[in-house]
Amino acid sequence: MKKKFKAMVLSCIDPRFQPLVYNYLKMKKLNGKYSAFTIAGSAIGVTHNKFKKWHSVFIENLSTTIKLHKIEKLIVINHTDCGAAKIANGNKRFDSLIEENIHKSSFIEIKRKIKKKFPKIKLDLNLLSLNNKIKKFK
């Protein structure tokens with residue numbers, strides 16, 4: 001495969017966010033230029049211990065798209081009102097601040113994992129809300 005693609009997009013399975021993710025990537029002029037990995041919770045699903053069995057599958061897919069598509073960036077799009085965040089939180093009190101902290105923790109962990117295993121890959125960490133607002137994380 002000769003064509004070099006821009007990125008892999010890690011996003012959630014939640015049907016409410018599919019059009020929002022698509023429109024965000026279209027606005028970034030990425031249509032047809034990324035591979036996709038869609039899993040419950042996005043970064044939460046590939047970093048939190050409640051979903052440990054999924055972690056290696058994501059890493060293997062990322063490794064494959066790096067080899068096949070020559071991507072240089074991982075775009076992570078988590079979203080608010082996330083069911084996986086609720087599962088990760090357990091049966092404890094849950095509100096928007098707790099949820100944001102779960103997302104932040106998932107971003108910190110995915111950043112750590114990616115920088116260790118794929119040091120050349122750039123990261124773009126995003127939290128998307130139902131009203132289509134994007135919050136960037138470093």
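Which side chain makes a polar contact with the side chain of Asn-126? The side chain of Lys-136 does, at 2.8 Å; a polar contact is a pair of N or O atoms within 3.5 Å, where, within protein, one must be able to donate a hydrogen and the other to accept it, and residues adjacent in sequence count only if both atoms are side-chain atoms. This is a predicted model, in which local features need pLDDT of at least 70 and side-chain atom pairs count only at pLDDT 80 or more, while totals for chains, interfaces and linings use all residues. Residues are numbered from 1 along each chain as its sequence is written, and side-chain values use heavy atoms, with hydrogens and water left out.

**Around Asn-126**

- Asn-126 sits in strand β4; strands (E, at least two residues) and helices (H or I, at least four) are DSSP runs, numbered from the N terminus.
- Asn-126 counts as buried because its relative accessibility is 0% (buried means under 20% relative accessible area, with a 1.4 Å probe and protein chains only).
- Beyond its neighbours within four places in sequence, Asn-126 is in contact (heavy atoms within 4.5 Å) with residues including Tyr-24, Ile-75, Phe-107 and Ile-134.

**Helix α4**

- Helix α4 has 22 residues (96–117), so at 1.5 Å a residue it should span 32 Å, and its end C-alpha atoms, 31 Å apart, agree with that; the expected span is 1.5 Å times one less than the number of residues.
- At the start of α4, a side-chain oxygen of Asp-95 comes to within 3.1 Å of the backbone nitrogen of Leu-97.
- Among the buried residues of α4 are Ile-98, Glu-99, His-103, Phe-107 and Lys-113.
- The elements that cover these buried residues include β1 (7–11), α2 (52–69), β3 and β4 (122–128).

- On a 1 Å grid over the protein atoms alone, a cavity is a set of points where a 1.4 Å probe fits but cannot get out, and a pocket is an open set with protein on both sides within 12 Å along at least five of seven lines; lining residues have an atom within 4 Å of a point.
- The structure holds one cavity of 30 Å³ or more, where volume is the space filled by probe spheres set on the points, with grid points joined across faces, edges and corners.
- Strand β3 (residues 73–79) gives the most to the lining of the largest cavity, with three residues.
- The largest pocket holds about 160 Å³ of space, and its lining includes Lys-4, Tyr-24, Glu-72 and Asp-124.

Methods
Buried means under 20% relative accessible area, exposed over 50%, partly exposed in between (1.4 Å probe, protein chains only).
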